[in-house]
Amino acid sequence: MAWLKRGDGLKGGSSMTEIEQLLARQARWQKSRKALSWPEKIRMAEQIRASVAQWRSLAGYNAAAAHKFKSVRT
Amino acid sequence: MKELAQLLNEMQSAGVIQNYALFGATAQMRYTEPVATLDADVLVAVPSPDRLDALGGIYGSCAAKGYHPEGEAIQVGAWPVQFVPVFSPLTREAMEQAETADFEGVPFRVVRADYLAVIALSVGRAKDCARILALLESESVSREEIERLAGRHGLAEAWRRFERRFLDD
């Protein structure tokens with residue numbers, strides 16, 4: 001993260017070039033996702049759904065565990 | 001999703017529903033990047049929309065095929081599906097004007113990009129605003145097309161507000 005240090009990173013514009021390259025790569029990646037077929041995008045969304053559901057159940061489990069721990073202590 | 005397309009086509013052939021069209025985030029993905037969504041939304045026209053249990057026929061037909069309710073939705077394959085009876089002239093027109101897409105060899109009626117944008121405009125939550133912007137960015141619909149359709153459905157002022165907030169410099 002040295003390139004984020006005030007003053008240093010912007011010398012000669014090299015850091016901006018890195019950021020611009022990063023943004024350009026991201027834009028290409030986003031375009032490639034947009035170019036997928038609809039069924040492929042739906043499959044990708046199914047994977048996102050599964051991850052969100054897993055995260056939610058884990059968050060629920062953690063909240064319940066924290067509540068139980070608090071009840072035991074009081 | 002292919003399973004849902006087959007189910008909807010079967011229900012339409014059997015007269016359980018008169019017509020249908022997929023809308024919401026899963027329909028948006030025809031035009032944009034994939035987006036995170038928890039369920040699939042389907043606009044439906046049912047034979048007796050004024051009955052208290054307007055969706056009773058759909059639920060019965062789904063149950064007979066082994067698809068059961070989970071909360072407000074019916075689980076079809078990987079997707080909880082929300083059946084939404086057409087509730088306004090805009091949603092009826094969106095369903096009737098839907099395109100028939102091909103989903104892995106199965107015909108699947110899907111609401112067009114301009115109607116997706118104007119339905120989102122009529123709802124107006126933050127995620128709906130994001131949907132309109134994503135559709136515009138994908139160039140699947142133009143500002144002029146949205147303006148025309150919004151104007152026909154009494155949403156001209158809502159569109160002007162949206163333009164001022166998100167699009168005008």
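In chain B, 11 residues of domain 1 are in contact with 11 residues of domain 2, where contact requires that the C-beta atoms of two residues, placed from the backbone, lie within 7 Å. This is a predicted model, in which local features need pLDDT of at least 70, side-chain atom pairs count only at pLDDT 80 or more, and totals for chains, interfaces and linings use all residues; pLDDT is the predictor's confidence in each residue, from 0 to 100. Residues are numbered from 1 along each chain as its sequence is written, while chains are lettered from A and ligands numbered from 1 in the order in which they are written.

**The two domains of chain B**

- Domain 1 of chain B spans 2–111 and domain 2 spans 115–167; such bounds come from an automatic or database domain assignment.
- The C-alpha centres of these two domains of chain B are 23 Å apart.
- On the side of domain 1 of chain B that touches domain 2, α2 (25–28) and α4 (89–96) each supply at least two residues. Helices (H or I, at least four residues) and strands (E, at least two) are DSSP runs, numbered from the N terminus.
- The largest share of that side of domain 1 of chain B, four residues, belongs to α4(B).
- By class, that side of domain 1 of chain B has seven nonpolar, four polar and no charged residues. Here Ala, Val, Leu, Ile, Met, Phe, Trp, Tyr, Cys and Pro count as nonpolar, Asp, Glu, Lys and Arg as charged, and the others, Gly among them, as polar.

**The largest nonpolar core**

- The largest nonpolar core has 58 residues, and those with the most contacts inside it include A21(B), L43(B) and A94(B). A nonpolar core is a set of buried Ala, Val, Leu, Ile, Met, Phe, Trp, Tyr and Cys residues joined through C-beta atoms within 7 Å.
- A residue is buried if 20 or more other C-beta atoms lie within 10 Å of its own, exposed if 12 or fewer, and partly exposed in between, with C-beta atoms placed from the backbone.
- Helix α5 (residues 113–123) of chain B gives the most to this core, with eight residues.
- Domain 1 and domain 2 of chain B each provide at least three residues of this core.
- Beyond its neighbours within four places in sequence, A21(B) is in contact with L43(B), A94(B), M95(B), A98(B), R109(B), V110(B) and V111(B).

- In helix α7 (residues 143–152) of chain B, the buried residues are I146(B), L149(B) and A150(B). They lie on the same side of α7(B) because they cover an arc of only 100° around the axis, taken from the directions from the helix axis to the C-beta atoms.
- Among what covers these buried residues of α7(B) are α5 and α8 (156–167) of chain B.
- P80(B) lies in strand β5 (residues 79–85) of chain B.
- P80(B) counts as partly exposed because it has 16 C-beta neighbours inside 10 Å.

**Chain A and its confidence**

- In chain A, 13 residues are in contact with 16 residues of chain B.
- α2(A) gives the most to the side of chain A that touches chain B, with 10 residues.
- That side of chain A comprises seven nonpolar, one polar and five charged residues.
- The mean pLDDT of chain A is 76, and 74% of its residues reach 70 or more.
- Over residues 1–7 of chain A, pLDDT stays under 50. Where pLDDT is low, the predicted coordinates should not be read in detail.
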